[in-house]
Amino acid sequence: MSHHQDSAAAKQDPRLDISDVYLFKGQSGTVFVMNTNPVSADKGFHPEALYEFHIDTDDDAVQDLTFRCKFLAPERDGRQAWVLERLTGAEATDRNASGALVAAGMTEEIVTTPDGVKAFVGRAGDPFYLDGTVVTAVLTALRSGAPVDLSAFDPQRASNLFAGTNVTAIVLEVPDELIGSETIGLWSTTALDDHHGGWLQINRCATPLVSTLFDVTEADFDDYNATDPRDDLANYGDLVLRKVAGLVSANDTHSDPEGYGAATRDIIFPDVLRYQVGTEAGFGAKSRNGRGLAESAPEAMFEIVLNAPVDMGLDAGDATGTLRAEFPYLSEPA
C-alpha cells in the first residue's frame, strides 16, 4: 500500500502499477529500484509501456537524466527481452526521443556493462511491510480531521499486509561518476503507448504513501499520477496543508497546525526522493536521504503527517524474504 494500485489505470493493468521506489548506496554505485505489479508479478512487464527512472540533478523537479526500460512480449517460458536506454538534457523529458542504449538482456538475469552499470529485471520479494489496522486508523483520521484511534490495534498481533508478496523489479546500480551530480532527486513513472504518436503516463512514485495518505474525494489522484513533480505544490499543496493541519489540530500534536501543515506540504512536495550521492540512505521522520530497502517508511510518513510517532509493531524481519547483500539486493521471490 505504499503506492500499490493507487490509480484506476493501474488497477486495470497491474503491470503498470509502481508499488515502491528505492534509492541508496550500493557496493559499486548508486542503486535505483522500481518495484511494480504487487498483485500478479508472474505476468511480467507490459510490452507497450515505458518504465522510467527520472533523475533531477539541479533541484528544479525536472528530469535531467532518464533511464528508460522497454520490453518485448513474453516468450513461451515467460521471460522477456528488455533494453535499457539513457536520455539526457531535453531528451530526458521526451518520451518519443531515442535514448542511447545502455544495456539489453532477458528478465531474471543480471547484466553488467563495460562501464560498470548493473541491471536486473525480474521477480523479487516485496520488501515493503505495513500493518493494516494502523494504516486504516491513520487514513481515517487524516481524511476526517479526527483523533487517531488505535484501540483496535494489538501490537502482539501486528502483521504485514504484504507478507509473501512478490513484485516485478527493475534494479540498476550506476557508478556515481556517471550520474553527474552530488545531489539528485528521483521519481519513477510508467507510460503506455496511446497508438496515436503519444504516451499516457499511468503511474508515478517517489515518496512512499503520498497517494495513499491523500487519496481523498477532493483530489483526483488519477490526475496526480498523470502529472509531474514540478506542478505538485500548485496542484496539491493546499490539500496537504489543510489535511495535515486538521489532523494535528484534532490530535493536539502541534501548537500551530497551519504552520505545521505548510511545513509538511513543503516536505512532501515536489514529490521526489532526494539523495546525496555516495552516502548512506535513510528515510525517517526527521531526515530523509534516499530510501533503503529495509526501512519502516510507513512509520516515518505517519509521524510526518501526525507530528507524533506511530508504532506498527513490525520490522524488516516481517517483510517477504531476506534481502541479499549483493546486487540486486532484493530478496528472492517467495
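Thr207, Ile267, Ile268, Val272, Leu273, Arg274, Phe283, Arg288, Asn289, Gly290, Met301 and Ile304 line the largest pocket (a pocket being an open set of points on a 1 Å grid over the protein atoms alone, with protein on both sides within 12 Å along at least five of seven lines; lining residues have an atom within 4 Å of a point). Two or more of these residues come from each of helix 6 (257–268), strand 12 (273–276), strand 14 (288–289) and helix 7 (297–306) (DSSP runs: H or I of at least four residues for helices, E of at least two for strands). The space inside comes to about 170 Å³.

The model is predicted, so to speak of local features takes pLDDT of at least 70 and side-chain atom pairs count only at pLDDT 80 or more, while totals for chains, interfaces and linings use all residues. Numbering runs from 1 along each chain as its sequence is written, and side-chain values use heavy atoms, with hydrogens and water left out.

As for rings, the whole structure holds 10 aromatic pairs (Phe, Tyr or Trp rings, the six-membered one for Trp, with centres within 6.5 Å; stacked under 30 degrees between planes, edge-to-face over 60, tilted for the rest). Elsewhere, Phe24, Phe327 and Tyr329 make up one aromatic cluster.

How values were computed:
On a 1 Å grid over the protein atoms alone, a cavity is a set of points where a 1.4 Å probe fits but cannot get out, and a pocket is an open set with protein on both sides within 12 Å along at least five of seven lines; lining residues have an atom within 4 Å of a point. Grid points are joined across faces, edges and corners, and a volume is the space filled by probe spheres set on the points.
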